[in-house]
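Student: I would like to go through how the labels on this model are assigned. Please set each value against its definition.

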Amino acid sequence: MQKCIEVISMKAKEAEFRSGQVGLSVTMAQRIQFIVDDVLANVESLCCHPYGCRVLQRMLEHCVDFQKLATLDEIQLCHKTLLDDQYGNYVIQHVLQYGRDSDRDSLLKIIVDNDLLKLSRQKFASNVVEKLLKYGNSYQRNAIVREMLKVVYDDASNQEGIGSTVLLLMVRDAYANYVVQTAIDVAPEGNEKRMLIDELKSNEGHLRNYTFAKHIVAKLGAK
């Protein structure tokens, strides 16, 4: 099924390009419409399946525009469920790579509303946050950085009521530290990135005590 979607979609696009006949790709892609319809009728369950998630990924990569847009619309209805699912997260990563700004805005809102720190500490959700940073626009990237700079009171690290930025809690975590590394690499030059780097550099000595923060300390040395 994956190969069928890939090959027929590619042939449809190539035929339209070579012939210059507008709409030819749509006509040819109708050959796999029965597959698309069946998948879209069962999006959430297939996204959470070890093989079904691969079919959705191929659809996002290869389908012609009207089929791809219909797929994105259906997936958007279950963004929150899929974001931290062991298989669904791969579909969401493809949405971030191949989808629309509106899809990325939807996922940004979910991440902000459901605690960036908590999601970044999760094995699967942290991959989604990284991909949003990688494929998001400047506004979306800066929004994530602003969340990192917020002060919170984390039970695991809170001492005598002293708060910490989300950023300093993230660098200590096995998964969240990769989100921070990506933020350093892709955040657009400006106020948010400057504050991000300043917060890390002002705590550089303390960060050296944490195993997972060592890669970040090394990045700071290159800045």
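Tutor: Buried means under 20% relative accessible area, exposed means over 50%, and partly exposed lies in between (1.4 Å probe, protein chains only). The model is predicted: local features need pLDDT of at least 70, side-chain atom pairs count only at pLDDT 80 or more, and totals for chains, interfaces and linings use all residues. Residues are numbered from 1 along each chain as its sequence is written, and side-chain values use heavy atoms, leaving out hydrogens and water.

Student: Which residues of α11 are buried?

Tutor: Ala125, Ser126, Val128, Val129, Leu132 and Leu133. They cover an arc of only 155° around the axis, so they lie on the same side of α11. The arc is taken from the directions from the helix axis to the C-beta atoms.

Student: What makes glutamate 192 and arginine 146 a salt bridge?

Tutor: The rule asks for a side-chain nitrogen of Lys or Arg within 4 Å of a carboxyl oxygen of Asp or Glu. Here the N to O distance is 2.8 Å. The pair links distant parts of the chain, 46 residues apart, with glutamate 192 in helix α15 (residues 191-202) and arginine 146 in helix α12. Helices are DSSP runs (H or I, at least four residues), numbered from the N terminus.

Student: Why does glutamate 192 count as buried?

Tutor: Its relative accessibility is 15%, so glutamate 192 counts as buried.

Student: And why is arginine 146 called partly exposed?

Tutor: Arginine 146 has 33% relative accessibility and therefore counts as partly exposed.

Student: How many salt bridges does the rule give?

Tutor: The count comes to 12.

Notes:
Helix = DSSP H or I, 4+ residues; strand = E, 2+ residues; numbered from the N terminus.
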